[in-house]
Amino acid sequence: MLRIAASLALIIISSLSNPIAAQTGEKSAEDSFWLWTFLGRLHPMIVHFPIVLLIVAVLLELLAWKKKSTQYIPAIRILIITGALSSIVTVIFGLLLARSGDYGGGLLALHQWTGIVTMILALLTWFAYSRFSRSLQKTLLCITVAGVVFGGHYGASLTHGEDY
């Protein structure tokens with residue numbers, strides 16, 4: 001399942017990110033197919049779903065560490081799987097929103113690439129939770145949540161202004 005999700009994410013991102021990298025800022029919303037514009041505008045709404053899932057996973061890891069218990073690990077895995085899969089959708093919708101021409105500049109590029117890297121980290125975290133040591137799992141989860149924080153900061157700056 002992880003291989004399918006990772007392959008799907010890479011195919012979609014590579015097909016969508018190429019036109020974005022060549023974007024000159026002259027593209028307008030009228031140039032886009034209406035469905036892509038609609039889905040892109042859903043990005044600010046759906047982006048919060050994987051954010052919350054991954055943050056709750058970290059909080060459960062802290063609780064498991066404090067209680068010295070492994071009872072939370074199945075729930076943590078479900079949160080990470082769901083967060084990783086929904087991050088793929090979030091990145092796709094974000095790339096569609098970037099194509100609308102409503103956003104531009106260096107801040108968009110920072111937010112875009114931070115989001116893509118965070119999605120990849122979420123997928124790697126999912127993989128780690130199925131195969132590797134607990135220390136690697138926790139480390140990747142913390143790095144992924146740090147990516148969420150940085151990507152979220154740049155997204156908030158895009159939406160609310162750079163002084164937000």
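Predicted model: local features only at pLDDT ≥ 70, side-chain atom pairs only at ≥ 80, totals over all residues.
Colleague: How many helices and strands does the protein have?

Modeller: Helices (H or I, at least four residues) and strands (E, at least two) are DSSP runs, numbered from the N terminus. The protein has seven helices and zero strands, which reads along the sequence as α-α-α-α-α-α-α.

Colleague: What share of the residues is buried?

Modeller: Buried means under 20% relative accessible area, exposed means over 50%, and partly exposed lies in between (1.4 Å probe, protein chains only). Of the 164 residues in the protein, 41% are buried.

Colleague: Is Lys68 buried or exposed?

Modeller: Lys68 counts as exposed because its relative accessibility is 74%. Lys68 sits in the loop between α4 and α5. Its phi is near 50°, a positive value in a residue other than glycine.

Colleague: Which residues line the largest pocket closest to its centre?

Modeller: On a 1 Å grid over the protein atoms alone, a pocket is an open set of points where a 1.4 Å probe fits, with protein on both sides within 12 Å along at least five of seven lines; lining residues have an atom within 4 Å of a point. Grid points are joined across faces, edges and corners, and a volume is the space filled by probe spheres set on the points. The largest pocket has a volume of about 630 Å³. Of its 33 lining residues, the closest to the centre are His43, Val47, Thr90, His111 and Gly151. The elements giving two or more residues to this lining are α3 (43-46), α4 (48-67), α5 (73-99), α6 (106-131) and α7 (134-160).

Colleague: Which residues is His111 in contact with, leaving aside neighbours within four places in sequence?

Modeller: Contact means heavy atoms within 4.5 Å. With those neighbours left aside, His111 touches His43, Gly151, Tyr154, Gly155 and Leu158. His111 belongs to helix α6 and counts as buried because its relative accessibility is 18%.

Notes:
Residues numbered from 1 in each chain as written. Heavy atoms only, no water.
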